[in-house]
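Hi,

Here is the structure I said I would pass on. Have a look at it first, and then read on for what turned up.

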Amino acid sequence: MASQELARKLQRRLQWEEAEEGRPQPAPRAFAAREPEPEPESESESPARAPTASADAELSAQLTRRLDINEGTARPRRCKIFNPYTEFPEFSRRLIKDLESMFKLYDAGRDGYIDLMELKLMMEKLGAPQTHLGLKNMIKEVDEDFDGQLSFREFLLIFHKAAAGELQEDSGLMALAKLSEIDVAQEGVKGAKDFFEAKVQALSCASKFEAELKAEQDERKREEEKRRLRQAAFRELKAVFST
């Protein structure tokens, strides 16, 4: 293609020079009226190839970084710090802590994310194994940053969507939410029978966060008072034996 284009350019150059030497046809007008030749394919293809090359380079950089992280030569990027208690006020503090424990349990790489293989293991442990495509679709539905894995915020988003009725009943994410049972007696969410029901009922508890925070503070005060009394009793007993 390049040689043909070069031949066309040479031919046009010769025609122009002949017109300048006094040929009958008005060379400038004929040249100007000539339908514009198509741009060289190599030049027209370059804008299309540029994004592709850029995408290939970006993908290569991501794969290289992932390999470096796996080999321990690079540290994973810190995800944006968020407060789960304020972003998900419908969940109790204890519920979020239990979810965090569950997240860390399946985060085998200890990098703050659940990847495809870790999600596969989780679903198998819960008794709802998924196909490779099913696992990818599960991640895609809540993958806000399009990195192909689940952060803790995206993990909480699964249960938020389940409680709000935003998930398909037969989807993998709904199975995950329903099968992730916890001890709701300790949660104190109106005697719900399982974890999913606990989340749904927690949506109506607007001031539950403040109440639980105060309860935790009161519990710490009681523990501190008990500790102080034990220390005082020990000192009295020691004084008795010393005399």
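Before the helix pairs, a word on how they are described: an axis here is a line fitted to C-alpha atoms, for helices over the stretch in contact, and the angle between two axes runs from 0 to 180 degrees between their N-to-C directions. Please also keep in mind that this is a predicted model.

With that in hand, take α8 and α9. They pack at an angle of about 90°, and their axes are 9 Å apart. Angles of 65 to 115 degrees count as roughly perpendicular, so α8 is roughly perpendicular to α9. On the α8 side, the contact is made by Phe-155, Ile-158, Phe-159 and Ala-162, and α9 brings Leu-173, Met-174, Leu-176 and Ala-177. Sorted by class, the contact of α8 with α9 has eight nonpolar residues, no polar ones and no charged ones.

Now the overall picture. The protein has 12 helices and zero strands. Of its 243 residues, 28% count as buried. If you take the contacts in the protein with a separation of 6 or more, 49% of them are accounted for by residues 24 or more positions apart.

Which residues have the most contacts inside the largest nonpolar core? They are Leu-119, Met-122, Phe-155 and Leu-176, in a core of 33 residues. At least two residues of this core come from each of α5 (93–106), α6 (116–125), α7 (132–142), α8 (152–163) and α9 (172–179). The largest share is that of α8, with seven residues.

Leaving aside its neighbours within four places in sequence, Phe-155 touches Leu-99, Met-102, Phe-103, Ile-114, Met-122 and Leu-176. Phe-155 is buried, and Phe-159 is too. These two sit four residues apart in helix α8, so about one helical turn separates them.

From α6, the contact uses Leu-116, Leu-119, Lys-120 and Met-123, while α7 supplies His-132, Leu-135, Lys-136, Met-138 and Ile-139. By class, the residues of the contact of α6 with α7 divide into six nonpolar, one polar and two charged.

The C-alpha atoms of Leu-105 and Met-122 are separated by 9.2 Å, with the two residues 17 apart along the chain.

Over to you!

Key
Residues are numbered from 1 along each chain as its sequence is written. This is a predicted model: local features need pLDDT of at least 70, side-chain atom pairs count only at pLDDT 80 or more; totals for chains, interfaces and linings use all residues. Side-chain values use heavy atoms; hydrogens and water are left out. A nonpolar core is a set of buried Ala, Val, Leu, Ile, Met, Phe, Trp, Tyr and Cys residues joined through side-chain atoms within 4.5 Å. Buried means under 20% relative accessible area, exposed over 50%, partly exposed in between (1.4 Å probe, protein chains only). Contact means heavy atoms within 4.5 Å. Angles under 35 degrees count as roughly parallel, over 145 as roughly antiparallel, 65 to 115 as roughly perpendicular and the rest as oblique. Ala, Val, Leu, Ile, Met, Phe, Trp, Tyr, Cys and Pro count as nonpolar, Asp, Glu, Lys and Arg as charged, and the others, Gly among them, as polar.
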